[in-house]
Amino acid sequence: MEDPAAIAPTRIDASIKQVADDAKGFMPAAEAEALYDAAWATAPYGVILEVGTYCGKSATWLGAAAKDRGGRVVTVDHHRGSEENQAGWEHHDRELVDPEVGLMDTLPFFRRTMYDAGLEDVVTAVIGRSATVAAIWSTPIAMLFIDGGHAEEHAQNDYRGWAKFVMPQGVLAIHDVFPDPADGGPAPYHIYLRALDDGFTEVRAVGSLRVLRKERGPRRGL
Ligand code: SAH
Ligand code: MG
């Protein structure tokens, strides 16, 4: 597998990048570029699995890299938003509420993003709770990107449910890792520490993005 910490030899297609830039979401440019690099390195070896689709901003970056390499992305979300996206919370966006149901629904926005990016054949959406989908999953994952709910329970479930499917030498990327709790919620940082403890090795850090690799380290007894 190519080095997931290296700058990929190709960059995101300009028109696809424009779609990613225009999509609602939470993915600064430098972190998105690093995500693209890791996806480019891993895409030929197995599926890329994202937890936390939202409106498809990061899925567009992952999908662009996968498309370039003939790979595939699966992105999982219940599309009802995280705690911090709900009405009255910091990251709420009224446009994302289904007025009849009275709940958030980011799925139509995601769908439009994939259409605009020309990635409908590359990125497959799975609509459901992360833990529910993980419980019926069995395919080895070349790159796992955890960017779901930030409540401790959800982040821990995402790690517990999905990290075991990352293939040897595969990548685990975690977003919103803040070692200083003053910068953001601590749950993604906690699962990052747990991954290091489980034998994942950090290979790259950009902003709050951490890119780790599953090594056959001594802690695994291999
Ligand atoms: N990757 C996105 C941002 C994701 S925001 C981007 O690039 O902009 C986090 C998302 O995780 C939200 O859409 C929310 O609905 C989803 N989410 C939170 N908890 C979840 C859970 N338990 N199962 C599935 N999705 C969840
Ligand atoms: Mg995030």
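1. An oxygen atom of ligand 1 lies 2.9 Å from a polar backbone atom of G81, a polar contact being a pair of N or O atoms within 3.5 Å. The model is a predicted one, in which local features need pLDDT of at least 70, side-chain atom pairs count only at pLDDT 80 or more, and totals for chains, interfaces and linings use all residues. Residues are numbered from 1 along each chain as its sequence is written, chains are lettered from A and ligands numbered from 1 in the order in which they are written, and side-chain values use heavy atoms, with hydrogens and water left out.

2. Nitrogen atoms of ligand 1 also approach the backbone: one is 3.4 Å from a polar backbone atom of G149, and a backbone N or O atom of H78 is 3.5 Å from a nitrogen atom of the ligand. Taken alone, ligand 1 exposes 580 Å², of which the protein buries 96% (Shrake-Rupley areas, 1.4 Å probe).

3. Ligand 1 is surrounded by 20 residues, the closest being G52, S58, D77, S130 and D147, where a residue counts if one of its heavy atoms lies within 4 Å.

4. D147 lies in the loop between β6 (141-146) and α6 (152-162), and H175, 28 residues apart from it, in the loop between β7 (166-174) and α7 (187-197); helices (H or I, at least four residues) and strands (E, at least two) are DSSP runs numbered from the N terminus. Both D147 and H175 are buried, that is, under 20% relative accessible area (1.4 Å probe, protein chains only).

Methods
Buried < 20%, exposed > 50% of the residue type's maximum accessible area, 1.4 Å probe, protein only. Polar contact = N/O pair within 3.5 Å; in protein donor to acceptor, adjacent residues only side chain to side chain.
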